[in-house]
Amino acid sequence: MIQMNKRYRLEMFKNAIRKMVGTTLTVGLLISNAVPAFAQDAANGKNLFEGNCTSCHGVHEKLIGPALSGVSDRREEAWLLKWINNSQGMIKAGDPIAVKLFNDNGKQSMNSFNFSDAELKDILAYIKEETAKGPATASAAPAGGEVSSMSVANNTQGMDNDQTMMILGVLAVILVLSSILLWRINGVLQKLIWAKFPEKKEEEEPSWYNTKFIPWVRGLNPTIAIMVIVTGFGLAFGGWFFKYANTEIGVQQGYAPTQPINFSHELHAGQMKIDCQYCHSTADVSKQASVPPVSTCMNCHNFFKQDSPEIQKLKTAYETKQPIKWVRIHNLPDHAYFNHSQHVSVGKVECQTCHGPIETMAKVSQHASLQMGWCVNCHRESKVDVENNDYYEQLHADLKERGKRSISVAHNGGLECGKCHY
Amino acid sequence: MKSLKLIYVAAFSATALFSACVSEGEDPGVEYAPDMYVSKGYEPYSQVADQERSITFQGETYLINKDGKTMREPVEGTIARGKLDFIFNYAPGDVDEKERAGRELSNPLPLTQANLEAGRRHYNINCAPCHGDKGLGDGLVGQKYPKGLVPSYTTDRIHNLKDGSLYYVVTHGWNMMGAYGKMINPTERWQVVHYINYLEQN
């Protein structure tokens with residue numbers, strides 16, 4: 001019995017091992033070269049890879065250099081070892097694979113490194129391990145997805161607002177039409193009742209309209225009445241026109257044109273917190289807050305969101321050197337002078353003071369009216385910081401002499417006509 | 001009945017007329033003297049592609065600029081007056097050139113508080129989105145890149161870069177980093193180099 005038991009157990013054990021080996025082999029086949037243990041130290045390879053290679057290479061994504069997943073399958077190891085340490089030498093020597101690689105990757109030469117063979121094998125082991133893990137673990141994928149879904153969400157929200165307004169409008173029209181209809185039906189029914197039962201009409205009390213209003217109107221002098229009405233209308237229209245001319249003609253507040261590329265300040269300045277002057281780099285030194293050249297966009301978008309149709313437009317513009325025709329929003333008439341650098345550098349005015357909460361605008365609209373009253377108001381209210389600004393050194397000394405403590409821009413000539421109109 | 005209809009028509013047309021004049025969305029609203037808004041003079045960012053702004057010479061018509069831009073690109077190989085320090089004789093994207101810049105150039109600006117402050121300002125505007133405000137490669141944009149692509153200034157590779165090489169990288173860009181020579185002028189670039197050194201040491 002005991003012997004039987006032992007043999008039985010042995011059989012079971014063998015079976016189990018067979019099964020295990022079987023599964024391991026299947027799994028191994030399934031995920032190709034993932035499971036076999038590496039003689040090399042992938043952890044050391046990881047350190048070396050992240051310290052030296054990640055600036056140009058990703059395992060799963062093409063950056064400056066090609067994506068490295070499965071590189072050990074594509075090339076022989078001896079070739080790789082030689083290539084990593086002396087790529088430029090190999091290109092010069094005319095190695096066919098090396099020359100083709102160089103040409104396929106924008107003729108960007110790769111740094112020469114000084115790794116030992118063991119270190120190189122560690123790096124290759126690490127790449128092998130990452131290849132097996134697959135691109136799902138790459139950090140860039142979820143980040144990119146997140147960003148794109150956000151901008152999509154913004155778009156749909158905008159559409160929803162338009163649709164809501166349209167539905168509300170249609171409902172309002174239906175409401176008005178049905179109430180008119182009901183009112184008419186009511187009148188017709190009333191008339192029918194009166195036609196059938198004439199005594200009902202006499203039962204009704206004579207209305208205020210019939211007894212008082214109509215006789216009063218009949219008693220009025222027609223000439224005077226018409227004059228009064230016309231004057232009333234004239235005053236009302238004049239008042240409306242005065243307000244309209246004051247606040248609307250030549251005032252583009254709220255203007256939000258569609259731009260050739262659907263650029264979102266909300267994403268770039270709001271979520272990514274990129275400084276305004278990263279793109280509008282001349283705001284502190286020039287009259288204009290410059291519109292960035294396409295190359296500025298390409299600083300980041302040579303990597304981010306390559307598949308987005310908007311970025312495709314950007315890339316086309318970059319490659320064909322065609323300027324993008326942005327639509328100007330803030331536009332002062334020629335007879336008013338405005339200089340960004342005065343306000344940004346000397347006045348230390350925040351961009352948002354005039355441009356509104358730009359970091360929340362998915363589509364930019366003109367926040368301020370840019371009317372003269374608006375300019376002048378700010379000039380009256382803003383105190384000049386004479387103490388901490390070298391620009392006003394002389395002014396500050398004079399003020400101290402006269403015993404004044406603070407002045408506004410208006411005191412400093414900010415209300416002179418010639419300051420802006422010349 | 002007729003008068004009622006007239007009133008409706010009048011009311012509708014009035015609303016249509018008045019609402020069309022209000023600036024909103026795609027509509028800039030009514031402009032008084034549009035010439036004052038669309039300037040006859042050549043403004044820096046105006047784009048003039050129309051025939052009106054063309055020059056006819058010996059029967060041929062030339063647009064002011066072939067792209068319709070008012071701004072002109074400088075002629076290849078020329079440099080504007082007072083911008084001599086913009087000349088930078090090192091080819092972009094070349095390891096040897098980068099090292100040559102490191103050997104030959106040194107920071108012409110003294111390390112003063114003012115230069116460091118200015119460097120910080122320009123660093124925070126132009127570099128911090130990727131490199132982070134402490135230079136650890138952890139800026140909000142930098143985090144979106146694959147891990148390790150934006151290096152930390154504490155790594156030996158960056159630490160061993162000479163000032164001239166740093167200046168070269170800021171000017172021409174390096175690897176995935178774009179060229180910033182068009183965005184910040186030479187003085188500011190050297191100030192940024194000072195500030196990067198400051199970050200590396202702290």
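Before looking at any helix pair, I settled on my term: a crossing is left-handed if the near helix is turned anticlockwise from the far one by less than a right angle, and right-handed if clockwise. I also kept in mind that this is a predicted model.

**Entry: a helix pair in chain B.** With that term in hand, I found that α6(B) crosses α7(B) in the right-handed sense. I looked up the residues that touch: D163(B), L166(B), Y167(B), V170(B) and T171(B) come from α6(B), and R189(B), W190(B), V192(B), V193(B) and I196(B) from α7(B). I sorted this contact by class and got 7 nonpolar, 1 polar and 2 charged residues. The axes lie 10 Å apart, at an angle of about 120°. I therefore noted the two helices, α6(B) and α7(B), as oblique to each other.

**Entry: a helix pair in chain A.** I turned next to α4 (77-85) and α7 (117-133) of chain A, whose axes come within 10 Å and cross at roughly 110°. I therefore wrote down α4(A) and α7(A) as roughly perpendicular. This crossing, of α4(A) with α7(A), is right-handed. On α4(A) the contact uses E77(A), L80(A), L81(A) and I84(A); on α7(A) it uses D117(A), L120(A) and L124(A). I counted 5 nonpolar, no polar and 2 charged residues there.

**Entry: where the chains meet.** How many residues does each chain bring to the contact? I found 52 from chain A and 41 from chain B. On the chain A side, α2, α8, α13 and α14 each give two or more residues. α14(A) gives the most, with 5.

Notes
Residues are numbered from 1 along each chain as its sequence is written. Chains are lettered from A and ligands numbered from 1 in the order in which they are written. This is a predicted model: local features need pLDDT of at least 70, side-chain atom pairs count only at pLDDT 80 or more; totals for chains, interfaces and linings use all residues. Two residues are in contact if their C-beta atoms, placed from the backbone, lie within 7 Å. Helices (H or I, at least four residues) and strands (E, at least two) are DSSP runs, numbered from the N terminus. Axes are lines fitted to C-alpha atoms, for helices over the stretch in contact, and angles run from 0 to 180 degrees between N-to-C directions. Angles under 35 degrees count as roughly parallel, over 145 as roughly antiparallel, 65 to 115 as roughly perpendicular and the rest as oblique. Ala, Val, Leu, Ile, Met, Phe, Trp, Tyr, Cys and Pro count as nonpolar, Asp, Glu, Lys and Arg as charged, and the others, Gly among them, as polar.
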